[in-house]
Amino acid sequence: MKWTEGSYVAINAVECTPEFRAQFEELFRTRAGLVERMPGFLGMWVLRPRSSDAPYLVLTLWESEEHFRAWLGSEQFRRGHARVVSLLRAAHEAGRAAPMHAALQLYEVLLSTGPLPYENA
């Protein structure tokens, strides 16, 4: 399978405080894995920045925007993000700054010249 023209890509740029980085990585290592069961889901990559001032990038690939939007509105999405929401809520209630901030960017594949990364494994 290739990243085909029209595939939908969601990239979440996540900035973490230095003291939260290890916990953020552990949250991904121990995640529920619910997104993999969603119709139209093609893959996810969590990219660790090489520089301390760059954000983590969480890239998900979808067959279509409709599949991605269905994920955002699903109970699986709420369950899959419950631990992070709880951590952010606790920080807010304690009067602390949030340990992370995320910015979502959405793209459509224009051109693909190679296989998906897991196809070469």
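How many of the seven residues of strand 3 are buried? Six of them are, so strand 3 is largely enclosed by the rest of the structure. Buried here means under 20% relative accessible area, with exposed meaning over 50% and partly exposed in between (1.4 Å probe, protein chains only). Before we go further, please note that this is a predicted model, in which local features need pLDDT of at least 70 and side-chain atom pairs count only at pLDDT 80 or more, while totals for chains, interfaces and linings use all residues. Residues are numbered from 1 along each chain as its sequence is written, and side-chain values use heavy atoms, with hydrogens and water left out.

Let us start with the overall layout. The chain has four helices and four strands, and along the sequence they follow the pattern β-α-β-β-α-α-α-β. These elements are DSSP runs numbered from the N terminus: helices are H or I with at least four residues, and strands are E with at least two. Along its principal axes, the C-alpha trace spans about 45 × 35 × 25 Å. Of the 121 residues in the chain, 32% are buried. Contact means heavy atoms within 4.5 Å; among contacts between residues at least 6 apart in sequence, 72% join residues at least 24 apart.

Now to the strands. Two strands pair if DSSP finds at least two bridges between them. Strand 3 runs antiparallel to strand 1, and seven bridges join them. Along this pairing, Ile 11 has Leu 59 of strand 3 as its bridge partner, and Ala 13 stands opposite Leu 57 in strand 3. Strand 3 also pairs with strand 2, again in the antiparallel sense, over six bridges; there, Gly 43 has Leu 61 of strand 3 as its bridge partner. Strand 1 in turn pairs with strand 4 in the antiparallel sense over nine bridges, and Val 14 meets its bridge partner Ala 102 in strand 4.

Ser 7 lies in the segment before strand 1 and, at 2% relative accessibility, counts as buried. Which residues does Ser 7 contact, leaving aside its neighbours within four places in sequence? They are Leu 42, Leu 61, Trp 62, Glu 63, Tyr 107, Glu 108 and Val 109.

Trp 62 brings us to the aromatic rings. Rings of Phe, Tyr and Trp (its six-membered ring) pair if their centres lie within 6.5 Å; planes under 30 degrees apart count as stacked, over 60 as edge-to-face and the rest as tilted. By this rule there are seven aromatic pairs. In one of them, Phe 41 and Trp 62 are edge-to-face, at 5.3 Å centre to centre with 75 degrees between the planes. Phe 41 lies in strand 2 (residues 41-47) and Trp 62 in strand 3, so the pair ties together parts that are 21 residues apart in sequence. Phe 41 counts as buried at 16% relative accessibility, and Trp 62 is buried with a relative accessible area of 0%. Trp 62 also pairs with Phe 68: their ring centres are 5.9 Å apart and their planes at 65 degrees, so this pair is edge-to-face. Ring pairs link Tyr 8, Phe 41, Trp 62, Phe 68, Trp 71 and Phe 77 into a cluster.

Phe 77 leads on to the largest pocket: this residue, along with Asn 12, Phe 28, Val 58 and His 81, lies nearest the pocket's centre among the 25 lining residues. Elements giving two or more residues to the lining include strand 1 (8-16), helix 1 (21-29) and strand 3 (56-62). A pocket is an open set of points on a 1 Å grid over the protein atoms alone, where a 1.4 Å probe fits, with protein on both sides within 12 Å along at least five of seven lines; lining residues have an atom within 4 Å of a point.

Finally, a residue of helix 1: Glu 25 is buried, with a relative accessible area of 18%. Beyond its neighbours within four places in sequence, Glu 25 is in contact with Arg 48 and Tyr 56.
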